[in-house]
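Subject: Structure for you, with notes

Hello,

Here is the structure I promised to pass on. Please open it alongside this email and follow the notes as you go.

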Amino acid sequence: MPYPAFLSALLPYRKWILRLLAVVVMLVFIYQFVGLARRIDWVRFGESIVRPGNGWKLVVVLLLMPLNWLLEARKWQLLLDAFVRWPFRRVWRATLAGVSLSAATPNRIGEIGGRLLLARRGEWAAVTAASLLGSVCQWVAFLLLAWPALIYTLDALPGGWLGGLPLLALLPLGPLALVIVYLGGKPLIRWLLDVIERRFGRDLDVLRSALPNVTLLLLLRSSVYACLRFVVYCTQLYLLLGFFGLSLPLLWGLAGIAAIYLIQAGLPLPPGLNLVTRTELGLLLWSVDAEGAIAVLAAYTALFGVNVLLPALPGYWLIVRKNKLS
């Protein structure tokens, strides 16, 4: 059966497939937790959490959550201004609405959908284009920050993970990819616009006329916000690992977190499976004992709750309020 036909055949069952996927994710977590719980010293683990001077880490993580999404909102507003002008208050509300849907969808698909819910129909193309450019800027952060971290991490692991390749020869590959994307980016976008117009009959003249506004300076400014947001994320997870009892050297810990995120970012998995993937990679990278494994599980789960589930609550309210007013 051809691939598109196979997908069409699955459409009537998509709700049941998503429910089954949620059950699978839950079972994986339960399996991990039960297996580790049999070996962990819960008294020692509890003492590591409530030890004196540990609470400030959780407080800082919570305080960094709104900064994380403020940086994302400002990054997106800069890109959106190239197509349509929105006040920051509206950008902020749409960002939260995007968080609410991204909590249950692969990568940034739901995030775009949530933002579209707070946009007028005539703004849909602009919102989608700005969101996709935001993803590009986030990959700038990955290739500038996470790529060197991945090379450093692999080089430090025993067993010759780099296969004898010199470290300095691999480091420029990330920035080189950015140069290639920039040089070929606009011709590729114009080609995609032509394809969409021919295939779907959409009038995309607004996007085509606004394309000259997407300058290198604009992308660089937005990428700075993306880099700052990535640093905030890595800092939050590092603090949570320490809060739950896994103390890692600063450079090794931050580099490992960035490397894991880069590997996971290329996998279009739902958030639950993303969480499992990051956790498994952390267990593999840091080779921790039972208490450390619980700390890794707890840290990733807590960060998902703080950065996604917590801001998703006002996002759901905004979506419901928008639908009531429509």
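The notes below go from the overall fold to the core, the rings, the charges and the surface.

**Ground rules**

This is a predicted model, where local features need pLDDT of at least 70, side-chain atom pairs count only at pLDDT 80 or more, and totals for chains, interfaces and linings use all residues. Residues are numbered from 1 along each chain as its sequence is written, and side-chain values use heavy atoms, with hydrogens and water left out.

**Overall**

The protein has 14 helices and zero strands. Helices (H or I, at least four residues) and strands (E, at least two) are DSSP runs, numbered from the N terminus. Of the 326 residues, 43% are buried. Buried means under 20% relative accessible area, exposed over 50%, and partly exposed in between, with a 1.4 Å probe and protein chains only.

Among contacts with a separation of 6 or more, 72% join residues 24 or more positions apart. A contact here means heavy atoms within 4.5 Å. The protein exposes about 17,800 Å², and carbon and sulfur atoms supply 72% of that area. Accessible areas come from the Shrake-Rupley method with a 1.4 Å probe; for residues, only the protein chains shown count as cover.

**The core**

Start inside. The largest nonpolar core holds 69 residues. Such a core is a set of buried Ala, Val, Leu, Ile, Met, Phe, Trp, Tyr and Cys residues joined through side-chain atoms within 4.5 Å. Phe83, Trp86, Leu241 and Trp286 touch the most other members. The elements giving two or more residues to this core include α4 (55-80), α7 (124-156), α11 (216-243) and α14 (290-325).

Look at Trp286 in particular. Leaving out residues up to four places away in sequence, Trp286 touches Leu241, Leu246, Leu248, Trp252, Gly253, Gly256, Ile257, Ile260, Val296 and Tyr300.

**Aromatic rings**

There are eight aromatic pairs in the structure. Rings of Phe, Tyr and Trp (its six-membered ring) pair if their centres lie within 6.5 Å; planes under 30 degrees apart count as stacked, over 60 as edge-to-face and the rest as tilted.

One to look up is Phe142 with Tyr261, a tilted pair at 5.3 Å centre to centre and 55° between the planes. Phe142 sits in helix α7 and Tyr261 in helix α12, so the pair ties together parts that are 119 residues apart in sequence. Both Phe142 and Tyr261 are buried. Ring pairs also link Trp139, Phe142, Phe230, Tyr233 and Tyr261 into a cluster.

**Salt bridges**

Side chains of opposite charge can pair when their charged atoms come close. The count here is seven salt bridges. The rule is a side-chain nitrogen of Lys or Arg within 4 Å of a carboxyl oxygen of Asp or Glu.

Three of them are worth a line each:

- Arg229 and Glu72 meet at 2.9 Å, N to O. This bridge links distant parts of the chain, with Arg229 in helix α11 and Glu72 in helix α4, 157 residues apart. Arg229 counts as buried because its relative accessibility is 13%. Glu72 is buried too, at 1%.
- Asp81 and Arg85 meet at 3.6 Å, N to O. Asp81 is partly exposed at 23% relative accessibility, whereas Arg85 is exposed at 67%.
- Glu123 and Arg120 meet at 3.2 Å, N to O. Glu123 is buried, with a relative accessible area of 10%, but Arg120 is exposed at 55%.

Salt bridges also form a network that links Glu72, Lys75, Glu111, Arg115 and Arg229.

Arg90 also belongs in this tour. Arg90 lies in helix α5. At 19% relative accessibility, Arg90 counts as buried. Arg90 touches Leu118, Ala119, Arg120 and Glu123, not counting residues up to four places away in sequence.

**The surface**

Finally, go outside. Leu58, Leu62, Leu310 and Leu313 form a nonpolar patch with about 330 Å² of accessible area together. Helices α4 and α14 are the elements that give two or more residues to the patch. Patches are made of residues with over 30% relative accessible area and no salt bridge: like charges are joined within 9 Å, nonpolar side chains (Val, Leu, Ile, Met, Phe, Trp, Tyr) within 5 Å. Leu310 lies in helix α14 and is partly exposed, at 40% relative accessibility.

Best wishes
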